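Dear colleague,

Please find below the structure that I am handing over to you. My notes on what was found in it follow.

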Amino acid sequence: MRAVYISMPKFFDKHVQKMKRISLQLLINARVNYCLSEDPNKPCFVIKLKSVTIMLDCGLSAHSVLNFLPLYPIPDWKPNKAAAWIPKNFSDPQIEGELNECMTNQVLVNSAPEFMTPLTKLVDFADIDVILVSNYMTMLALPFITENTGFKGVVYMTEPTLHIGKLFLEELVDFVEQSPKPNVAKYWKEILHLLPPPLCNSFKPHTWKQLYSLAQVNSSLTRVQMISYDQKIEITGALTVTAVSSGYCLGSSNWVIYLESKKLVYVSNTSTLTTHPRPMDQVNLKNADLMLLSSLTQAPAANPDSMLGELCLSVAVTLRNNGSVLIPCYPSGVVYDLFECLSSHLDSTALGQIPMYFISPVAHSSLEYSNILAEWLSQSKQNKVYFPEEPFPHAQLVKSGRLKHFKHVYTDDLWNDLRQPCVVFCGHPSLRFGDVVHFVEYWGTNPQNTIIFTEPEFPYLEALAPFQPLSMKAMHCPIDTSMNFTQANKMIKDLKPAVLILPERYAIPPAGFGHKNEFVIDQVDRKVLTIKRGEVISEKLDIKTVNVPFTTEMVVSVTLNELQSGLKASKFTAVLDTKDNKYKLDILRDDLLANKTTEPYLLETLFKKTYEWGQLDIDRFLRALTNEGVSDPKIEHNTHGYTIHLKSEDTLIQVDDKSTHIFCEKMDKNWRLKLRSIVMECLNSF
């Protein structure tokens, strides 16, 4: 049984009808964080607040696919650049056909690619009440979470996140399924110690999984409820969540969680740069009791504007030399900015006649969606809609024929239209599946061509390893618009969170940058907790007051009494009702009298019409004791009040300014009730 203390403010408005809430004194312990992801840029956290379990993002790490041979999109077109490989002095037939050695001596797995999913053993996904998705890049593990796990919760995300995320999921499934592998390699995971690097350094390959199906994608998306920015969503009556713009991409969100008087903030991919999405909202993130930070830039030493400038220059140089340019990309996001900036640069360098090709099974849908989601764009992009004018230049580029889109590399329409030199955008940035695999092989023998890597997620030399030797030039221009560490430190200083939780990687400089403190999060002047995959940290939220509404009958029944000039108060007896994590005070009804098990003393207390207050009148109390036949009270004064000893009754009474304590060894219930009545009579009442 939990004791609940009800406290009333000393002063009330003179109109009783305005008095509708009180405060309950209680303490809520929040076990705040489970980390299910190894990669801070593919985040997946679970927090437990009161009785609610919330998953924050479900990112899918694709870095593991670099350990596999590429899937070639065109059947029967597979260059013989890898030979079968087995460890020396090892003859187990189970390993045959599972491993191949490239011409660079790197050993890769000959099997369908596998992905590093969020950790499954730390949390039962069936217990998750709600998933909050920040953007379309952090939802790619959603089918792994919701399908065949017993998940019964709800997934919240914005409209662009749902539409564009669906395109990402469909494209990924299409890339993997269009070139199915006949075999599934498993045994290599048992002999990691015999394999060469980097394969022997694979992180827990037994937990990797093959990709979900399109049916599982569609099933998982039926659980999604779309929300708008600043919309308050109530979760099981226990707390409220709100999405606010993070400025990173179309519909990207940071999340604010309100739990009674406490505010928790989750900051995922966030950008302070001026690009096409709506700008970041910082106002709603200020003064949080707890902030969870993830998804800072993956290219801390690369300035996005500088990288974009280098890309444009490299493209122009390659085209002038009659070479073509290949840019591995995702079907949305930065690619929109590349269309815009690159087309403008080519116009300024008299190369405006060069065609650009966008190849993806979802290319058409991506280009269409980006032009109808005006409310999620920056103000400058929104203004174009009202002229009317397409918010993105790629709409006009498509109309003029400068930007052409096709579903697959093997379609006749593409090869009938393709003319070189040109610029081709296609995926996947890992170079392990998708249309880009064919173009690397097709153009790789020509030194006039260039491949430019803009996605920072994959080390470009590892991505190119199975295609070596290559004659085409390779450039690395990582463009990541997420906040860098300097911007994050400034934001944290402005937002002033009481407690900051961040991935362990953000507390130390990244590999290759020595002791550069500009690549870490500042940990001074605030409480900072770090967390890594598989770790659980607890943080108490001391919630001492909870607002409790009165029912209408309760408000009407309360009468204010003037205790002294300028001071009015009221005490009352009520029933505290709790349901679905909500509290309510209701009037105490007479039907409680029908309960024969209720103690008479309890009934007397519940239905009494007067209430006592103030200090005990000691003189009046002593006279009342004498009238009851107590003739030997002994009074001892102390610093806090006094003690009254009734030797004949084996009773000790301690009185101070705020309380009266009665210690009675006499086993006489009537005497105890009589003594209580005497004390009550000697107090002020109303």
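A word on accessibility is needed before the residues are discussed: a residue is called buried under 20% relative accessible area, exposed over 50%, and partly exposed in between, with a 1.4 Å probe and protein chains only. Please note that this is a predicted model, in which local features need pLDDT of at least 70 and side-chain atom pairs count only at pLDDT 80 or more, while totals for chains, interfaces and linings use all residues. Residues are numbered from 1 along each chain as its sequence is written, and side-chain values use heavy atoms, with hydrogens and water left out.

Salt bridges

Side chains of opposite charge can pair when their charged atoms come close. A salt bridge is here a side-chain nitrogen of Lys or Arg within 4 Å of a carboxyl oxygen of Asp or Glu. The search of the whole structure gave ten salt bridges. One of them joins Arg505 to Glu38, with the closest N and O atoms 3.4 Å apart. Helices (H or I, at least four residues) and strands (E, at least two) are DSSP runs numbered from the N terminus. Arg505 is in the loop between strand 25 (499-503) and strand 26 (527-531), and Glu38 is in the loop between strand 3 (31-35) and strand 4 (45-49), so this pair ties together parts that are 467 residues apart in sequence. Arg505 is partly exposed, its relative accessible area being 43%, and Glu38 is also partly exposed, at 30%.

A salt bridge also links Lys189 and Glu114, whose closest N and O atoms are 2.8 Å apart. Lys189 is found in the loop between helix 2 (159-177) and strand 12 (209-210), and Glu114 in strand 9 (residues 114-115), so the pair ties together parts that are 75 residues apart in sequence. Both Lys189 and Glu114 are buried.

Within helix 2, Lys166 and Glu170 form a salt bridge, with 2.4 Å between the closest N and O atoms. The two residues are four residues apart in the helix and are therefore separated by about one helical turn. Lys166 is partly exposed at 31% relative accessible area, and Glu170 is partly exposed at 22%.

Helix packing

Which residues of helix 2 meet helix 3? They are Leu162, Lys166, Leu169, Glu170, Val173 and Glu177, and they meet Leu214, Val217, Asn218 and Leu221 in helix 3. Contact means heavy atoms within 4.5 Å. The axes of helix 2 and helix 3 (residues 214-221) come within 10 Å and cross at roughly 165°. Axes are lines fitted to C-alpha atoms, for helices over the stretch in contact, and angles run from 0 to 180 degrees between N-to-C directions. Angles under 35 degrees count as roughly parallel, over 145 as roughly antiparallel, 65 to 115 as roughly perpendicular and the rest as oblique. Helix 2 and helix 3 are therefore roughly antiparallel.

The axes of helix 4 (residues 304-320) and helix 5 (residues 334-348) also come within 10 Å, crossing at roughly 50°. This makes helix 4 oblique to helix 5. Residues making the contact include Leu308, Leu311 and Cys312 of helix 4 and Leu338, Cys341 and His345 of helix 5.

Ser220 lies in helix 3 and is buried, at 0% relative accessibility. Leaving out residues up to four places away in sequence, Ser220 touches Leu142, Pro143, Thr146 and Glu147.

Rings of Phe, Tyr and Trp (its six-membered ring) pair if their centres lie within 6.5 Å; planes under 30 degrees apart count as stacked, over 60 as edge-to-face and the rest as tilted. The whole structure holds 18 aromatic pairs. Among them, Phe68 and Trp188 are edge-to-face, at 6.4 Å centre to centre and 85° between the planes. This pair links distant parts of the chain, 120 residues apart: Phe68 is in the loop between strand 5 (52-56) and strand 6 (82-84), and Trp188 in the loop between helix 2 and strand 12. Phe68 is buried at 0% relative accessibility, and Trp188 is buried with a relative accessible area of 0%. Elsewhere, Trp415, Phe439, Tyr442 and Trp443 form one aromatic cluster.

Phe68 is also in contact with Ser111, a residue of the loop between strand 8 (107-109) and strand 9. Ser111 is buried, at 0% relative accessibility. Beyond its neighbours within four places in sequence, the contacts of Ser111 also include Lys181, Asn183, Val184 and Ala185.

With kind regards
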